[in-house]
Amino acid sequence: MPYCSPPPPPLPSLTPTLAVLHHVRSTAAARPPSAILGAALAARPFSTTSPRQDWLLPRSGHNKKDRKGRPRVPTGGSVRGTTIVWGDYGIRLKDHDRRISAKQLKIAEDTIRKRLRGTKFRLYMRISANIGVYTSGNESRMGKGKGSFDHWASRVAVSKILFELKGEVHEQVVRDAFRLAGNKLPGQYEFVRKGDPPVMGLTKVGNGITAEDLKRPRKKLPLEETAERISATTPP
């Protein structure tokens with residue numbers, strides 16, 4: 001009688017762990033990318049940046065050397081970025097526009113978090129360090145390019161909000177935290193609350209001062225002077 005090998009044993013069924021993994025993979029493959037992106041954005045309703053973006057780095061890859069430049073000055077009467085949007089308290093630059101490095105911003109953020117350790121709060125960053133700063137060695141001759149990359153920085157205009165905070169924290173504690181952070185940053189800063197009037201240039205809009213008054217030219221136009229002169233010389 002010829003020898004016959006025994007039949008192979010039946011394949012074991014999927015274990016619970018593998019079955020769950022298979023179900024998760026099939027479910028994720030069936031969901032469209034828009035649904036996955038919508039779920040990721042719904043988990044962060046108070047943020048205007050992508051989850052994987054670092055506020056101390058530029059949004060995209062750096063492929064060219066930036067010029068030194070100067071902070072943008074809203075000469076057309078803009079008040080954008082001078083009021084609280086998401087939080088209840090904030091810190092605002094009030095003396096002069098300047099360039100702040102990413103290292104200084106990180107130190108200020110760590111100072112605020114260290115002062116408020118143990119409390120429930122959320123910190124919002126209103127600026128991004130997306131300007132590359134390039135330097136050359138000391139006592140180097142003129143020419144031979146702009147230099148090598150040194151660090152990232154941010155151009156901050158006057159009256160610009162840097163940090164916002166929201167949480168179950170007393171106002172005096174937040175004031176102290178922002179005071180310590182302002183000591184770590186270059187320039188002078190002020191404490192603002194939600195609902196404070198915006199700032200146009202260096203003037204706060206409110207208390208009888210409107211945006212239309214600030215946009216109006218200080219010197220009368222030639223047509224206005226001519227109209228006043230004619231009305232003064234014309235008999236009633």
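## The cavity

Look inside this predicted model and you'll find one cavity of 30 Å³ or more. The largest cavity comes in at about 40 Å³. A handy general point: rolling a probe the size of a water molecule over the atoms shows where empty space is left.

Who lines the largest cavity? The residues are Thr82, Thr83, Ile84, Arg92, Ile161, Val192, Arg193, Gly195, Asp196 and Pro197. Sorted by class, that lining splits into four nonpolar, three polar and three charged residues.

## The sheet

Four strands make up an open sheet, ordered β3-β6-β1-β7 and paired antiparallel. At the edges sit β3 (121-125) and β7, each pairing on one side only. Ignoring direction, neighbouring strands of this sheet are turned by 20° against each other on average. As a reminder, strands of a sheet pair through backbone hydrogen bonds, either parallel or antiparallel.

Strand β1 (residues 89-93) pairs with β7 through five antiparallel bridges, and Leu93 faces Tyr189 of β7 across that pairing.

Is β7 (residues 189-193) mostly covered or mostly open? Mostly covered: four of its five residues are buried.

The protein chain has a mean pLDDT of 78, with 70% of its residues at 70 or more.

Key:
Residues numbered from 1 in each chain as written. Predicted model: local features only at pLDDT ≥ 70, side-chain atom pairs only at ≥ 80, totals over all residues. Heavy atoms only, no water. 1 Å grid on protein atoms, 1.4 Å probe; cavity = no way out; pocket = protein on both sides within 12 Å on 5 of 7 lines; lining within 4 Å. Points joined across faces, edges and corners; volume = space filled by probe spheres on them. Nonpolar A, V, L, I, M, F, W, Y, C, P; charged D, E, K, R; others polar. Buried < 20%, exposed > 50% of the residue type's maximum accessible area, 1.4 Å probe, protein only. Helix = DSSP H or I, 4+ residues; strand = E, 2+ residues; numbered from the N terminus. Pairing = 2+ DSSP bridges. pLDDT = per-residue confidence, 0-100. Axes fitted to C-alpha atoms, helices over the stretch in contact; angles between N-to-C directions.
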